[in-house]
Amino acid sequence: MKKHLLLFFLFFSISLSFSQAYYKNGDKLMNKEKYLSDLEVVKKENEPKYISIEIFEEVNRNDSIIKNFRAVVKNKNKAYSSNLYLMLLNNPFPDFKLQGINNNWYVKSRFLGKPTVICFIKHPYFQPTRKEIKKLNALNKNEKYQVVAFLADTNANKSSFSNMEFPILKDSSNWLNSNIVGHHFAQYLLIDENGIITYFFPEFPNSKTTFTPIRNQTKEIFELLAN
């Protein structure tokens with residue numbers, strides 16, 4: 001038994017030693033050494049500003065980890081808590097029971113079974129544009145996917161809600177403050193059919209964006225929203 005355990009741990013250690021981390025920025029894929037080297041250059045070029053690395057997708061592939069990231073220049077030379085929500089990546093989306101503006105009640109299990117794009121409406125200046133709503137409606141009509149919005153600010157422009165053909169969950173600000181780390185969060189994210197957060201959209205997809213996903217399933221959703 002001890003011999004088998006020793007062989008197992010030896011195999012596990014060898015497997016870990018051969019696994020590598022890769023970093024994807026736009027269309028550029030680099031190993032960890034190149035990533036750290038480029039990061040130092042970016043830091044020096046932007047001193048004394050702070051460089052925040054935001055990993056919005058992380059995929060295991062062929063015994064390697066690929067981290068999809070972007071570098072954001074901050075105005076203050078100190079760490080920010082505004083991207084703490086990224087720690088939720090590859091973790092289950094928090095459970096909820098919230099009422100929609102149609103007065104129906106919704107729970108997390110209602111959105112399991114197929115990938116779901118989640119939209120957060122936070123204030124009048126941070127909500128979907130008419131063009132984005134049109135694309136989200138089209139995606140929601142696709143039998144493979146679905147969309148749901150969380151209304152986190154009652155001051156949001158309610159006139160646009162009538163154009164949304166997917167559930168809008170109201171009075172969700174307290175739930176968001178309790179469940180989304182750091183209070184700040186992306187406007188759009190994707191959960192898979194099992195309710196796992198697999199992607200934070202750095203921006204709403206468009207044909208010119210450089211932030212392209214790694215997973216094939218996410219790519220398909222991305223392209224449907226971008227075109």
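**Entry 1: the chain as a whole**

I began with burial: 42% of the 227 residues of the protein chain count as buried. I note here that I am reading a predicted model. Next I looked up the accessible surface, which comes to about 13,300 Å² for the protein chain. Carbon and sulfur atoms account for 52% of that surface. I then listed the secondary structure and found five helices and eleven strands. For contacts, I took those between residues at least 6 apart in sequence, and 64% of them join residues at least 24 apart.

**Entry 2: strand E7**

I turned to E7, which spans residues 116-121. Is this strand mostly covered or mostly open? I found it mostly covered, with six of its six residues buried. I also checked which way the side chains go. Thr 116, Ile 118 and Phe 120 point one way from E7, while Val 117, Cys 119 and Ile 121 point the other way. Residues on both sides of E7 are buried.

**Entry 3: the neighbours of E7**

Which strands does E7 bridge to? I found E8 (residues 146-151), which runs parallel to E7 and is joined to it by six bridges. In this pairing, Thr 116 stands opposite Gln 146 of E8. I also found E10 (residues 188-191), joined to E7 by four bridges and running antiparallel to it. Here I looked up Cys 119, and its bridge partner in E10 is Tyr 188.

**Entry 4: helix H5**

I moved on to H5, residues 216-226. Which of its residues are buried? My list reads Thr 218, Ile 221, Phe 222, Leu 225 and Ala 226. Looking down the axis of H5, I see these buried residues fall within an arc of 130°, so they line one face of the helix. I then asked what covers the buried residues of H5.

**Entry 5: a cavity**

How many cavities of 30 Å³ or more does the structure hold? I found one. The largest cavity contains about 40 Å³ of space.

Notes: Residues numbered from 1 in each chain as written. Predicted model: local features only at pLDDT ≥ 70, side-chain atom pairs only at ≥ 80, totals over all residues. Heavy atoms only, no water. Buried < 20%, exposed > 50% of the residue type's maximum accessible area, 1.4 Å probe, protein only. Helix = DSSP H or I, 4+ residues; strand = E, 2+ residues; numbered from the N terminus. Pairing = 2+ DSSP bridges. Contact = heavy atoms within 4.5 Å. Areas by Shrake-Rupley, 256 points an atom, 1.4 Å probe, with all protein chains shown as cover. Arc of directions from axis to C-beta. 1 Å grid on protein atoms, 1.4 Å probe; cavity = no way out; pocket = protein on both sides within 12 Å on 5 of 7 lines; lining within 4 Å. Points joined across faces, edges and corners; volume = space filled by probe spheres on them.
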